[in-house]
Amino acid sequence: MNFLAHIYLSGDNDLLKIGNFMADSIRGHSYDVYPMEIQKGILLHRSIDSFTDMHPIYRQSKHRLHEKYGHYSGVIMDIFYDHFLAKNWKKYCDEDLEDYADTFYHLLKDNYEILTERIKGMIPYMFARNWLVSYSTIAGLEMIMFQMDHRTKNRVDMHESMVELHKYYTEFEQEFTLFFEELRQHCAEKLKELNS
């Protein structure tokens, strides 16, 4: 799962959202210097990643991309799944996606001093291009894939994966819908465990 899903799956706790959002830039046990709610977000993020990577539905989706994109098939699939979350946002959240994204961007600005250096370097681009809302359209996805190619020095031409997205769009969306219900349940249980 990519940024939008990780933020959404954090629930209503602001610091937990921040921890979940920036967890990829924190290695090993170095998270224990952060406030407890941020630590919980980091642990939730890791739990989401483990659950996702091992799930047969996600693996089925990713398998369609693996031969052509190798290691990056998971990165691409995470972005595709965020697309289906954004596209179907009203099914999962009462707040408009634009408002939800704007609130999160303000949350990052208000807690800037807590963020890792990697995240501080990334958020100007995130804000300028409104990544969280961009996931909802094919044009927005294409822009994100071109940016990913730039960041990875065009190792696999991730923007070409739009061909597979169009070809298997219905299958990917059906798989996301089934998988995401199980992931939401997993996160609800994990949050109970972290808060107990």
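A polar contact is a pair of N or O atoms within 3.5 Å, where, within protein, one atom must be able to donate a hydrogen and the other to accept it. In the predicted model described here, such a contact is found between the side chain of Lys40 and the side chain of Glu37, at 3.1 Å. The overall architecture is set out before this residue is placed in its surroundings.

The secondary structure of the protein consists of twelve helices and zero strands, so that, read from the N terminus, the order of elements is α-α-α-α-α-α-α-α-α-α-α-α. The radius of gyration is 16 Å, close to the 16 Å that the globule rule gives for 196 residues, and the protein is therefore as compact as a globular protein of that length. Along the principal axes, the C-alpha atoms occupy a box of roughly 45 × 35 × 35 Å.

Of the 196 residues in the protein, 52% are buried. The accessible surface amounts to about 9,900 Å², and carbon and sulfur atoms account for 51% of this area. When contacts between residues at least 6 apart in sequence are considered, 67% of them join residues that are at least 24 apart.

Lys40 is located in helix H3, which covers residues 36-54. The relative accessible area of Lys40 is 12%, and because buried means under 20%, this lysine is classed as buried. Besides the polar contact that its side chain makes with the side chain of Glu37, Lys40 is in contact with Leu16, Leu194 and Asn195 when its neighbours within four places in sequence are left aside.

Ile42 likewise belongs to helix H3. Its relative accessibility is 0%, which is under the 20% limit, and Ile42 therefore counts as buried. Once residues up to four places away in sequence are excluded, Ile42 touches Gly19, Asn20, Ala23, Ile26, Tyr31 and Tyr34.

Definitions and conventions: Residues are numbered from 1 along each chain as its sequence is written. This is a predicted model: local features need pLDDT of at least 70, side-chain atom pairs count only at pLDDT 80 or more; totals for chains, interfaces and linings use all residues. Side-chain values use heavy atoms; hydrogens and water are left out. Helices (H or I, at least four residues) and strands (E, at least two) are DSSP runs, numbered from the N terminus. The radius of gyration is taken over C-alpha atoms; the globule rule is 2.2 Å times the number of residues to the power 0.38. Buried means under 20% relative accessible area, exposed over 50%, partly exposed in between (1.4 Å probe, protein chains only). Contact means heavy atoms within 4.5 Å. Accessible areas come from the Shrake-Rupley method with a 1.4 Å probe; for residues, only the protein chains shown count as cover.
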